[in-house]
Amino acid sequence: MTRLDKFLCDEGFGARKEVKALIKSGKVKVNGETAKSPETKIDDNAAVSVNGAEVKTQSSIYIIMNKPKGVVCASRDSLHKTVFDILPPEMKKKDLFTVGRLDIDTTGLLIITNDGDLSHRLLSPKHHAEKEYYVEGKGKFNPNSKEIFEEGLPWGKGRLKPARLEVISNDAENVKASLTITEGKFHQVKRMFYAVGIEVTELKRVRFGGLCLPPDIEEGEARYLTSDEEAVLKGKFELHTLLSEGLRDIAENRVQPFDKAMAEIKENL
Ligand code: URA
């Protein structure tokens, strides 16, 4: 059992004095009842909400954000807002970090968690978690760009792992494409495109492993992963398993297959 004020301080709602004022204002509920005292004792199963938003009490947290441009994946930054600054207050917990990083001008799917083991697994080169990006750029693919990426582009003293390029359009001066990679090297997508003569102008991550960017999250928004999405991210089941088990609703709506996500992106172009 923990005191409500201590719990809210630990969850990042401010110093003890601020939290006491928050409780006094009537905005905090425990198990559906407005909390009257900072000394209220709560257990691990208590449902706590602030301003109607649930405060997760579980120890592992998985947040999915549709990262907007202009914010950085860092715990603090003297010039720019960070992805943590733009989280809703009830999600601002201690010890959160991003699973990998997206550049300041990259948008799309970003996982924020306190689960170091999962992050390590998803980022480990052994795990080969696919990352899929929607890319726009200035330039033109030549006929062998796809093969060059598939073979593994020369990179420093070695080579990149094979990457999958799907060309959406390849006009005289502009390209639209999707690129799937299994690594996460510094500015990897931009540098790969540059190597085949294209300057990236828009970059959006649309998939991480089996998890696609869900359509309900606008740029700049974040929410907790549902338990199904969490399982997909952890590799407990893949989309094809969901489909074969008849869980079409989950597969098609909650964890959006990539072709559907791409169709939507194309529709909004
Ligand atoms: N590759 C890049 O170049 N930038 C990103 O943000 C992600 C992948």
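## Basis

Local features in this predicted model need pLDDT of at least 70, side-chain atom pairs count only at pLDDT 80 or more, and totals for chains, interfaces and linings use all residues. Residues are numbered from 1 along each chain as its sequence is written, and side-chain values use heavy atoms, with hydrogens and water left out.

## Nonpolar cores

The largest nonpolar core has 35 residues. Such a core is a set of buried Ala, Val, Leu, Ile, Met, Phe, Trp, Tyr and Cys residues joined through side-chain atoms within 4.5 Å. Buried means under 20% relative accessible area, exposed over 50%, and partly exposed in between (1.4 Å probe, protein chains only). Ile63, Leu87, Ile112, Phe149, Leu179, Met192 and Phe193 touch the most other members. At least two core residues come from each of strand E7 (62-67), strand E11 (107-113), strand E12 (131-138), strand E16 (174-181), helix H5 (188-195), strand E17 (199-208) and strand E19 (222-224). Helices (H or I, at least four residues) and strands (E, at least two) are DSSP runs, numbered from the N terminus. E16 gives the largest share, 4 residues.

Ile63 shows what one of these members touches. Leaving aside residues up to four places away in sequence, Ile63 is in contact (heavy atoms within 4.5 Å) with Leu87, Met91, Leu96, Leu110, Ile111, Ile112, Ala222, Arg223 and Tyr224. Another core, of 16 residues, lies apart from the largest one; among its members are Leu8, Cys9, Ile23 and Ile42.

## Helix H5

Four residues of H5 are buried: Gln188, Val189, Met192 and Phe193. Seen down the helix axis, they fall within an arc of 125 degrees, so they line one face of H5. The arc is that of the directions from the helix axis to the C-beta atoms. An α-helix has 3.6 residues a turn, so residues three or four places apart point the same way.

The buried residues of H5 pack against E12, helix H4 (145-151), strand E13 (154-155), strand E15 (164-170), E16 and E17. Exposed Tyr194 and Ala195 sit on the face turned away from the buried side. Just after H5, Gly197 takes a positive phi of about 85 degrees.

## Positive phi outside glycine

Asn31 has a phi near 50 degrees, positive though the residue is not glycine. Asn31 is in the loop between strand E2 (28-30) and strand E3 (33-34). Its relative accessibility is 52%, so Asn31 counts as exposed.

Asp95, also not a glycine, has a positive phi of about 65 degrees. Its loop runs between strand E9 (81-82) and strand E10 (97-98). Asp95 is exposed, at 64% relative accessibility.

## Salt bridges

The structure holds 13 salt bridges. Each needs a side-chain nitrogen of Lys or Arg within 4 Å of a carboxyl oxygen of Asp or Glu. Arg16 pairs with Asp5, with the closest N and O atoms 3.4 Å apart. Arg16 lies in helix H2 (residues 16-24) and Asp5 in helix H1 (residues 4-10), so the bridge ties together parts 11 residues apart in sequence. Arg16 is partly exposed at 35%, while Asp5 is buried at 0%.

Lys204 and Glu219 also meet in a salt bridge (3.8 Å, N to O). Lys204 is in E17 and Glu219 in the loop between strand E18 (211-212) and E19, so parts 15 residues apart in sequence are tied together. Salt bridges that share partners join Glu130, Glu132, Arg164 and Arg207 into one network.
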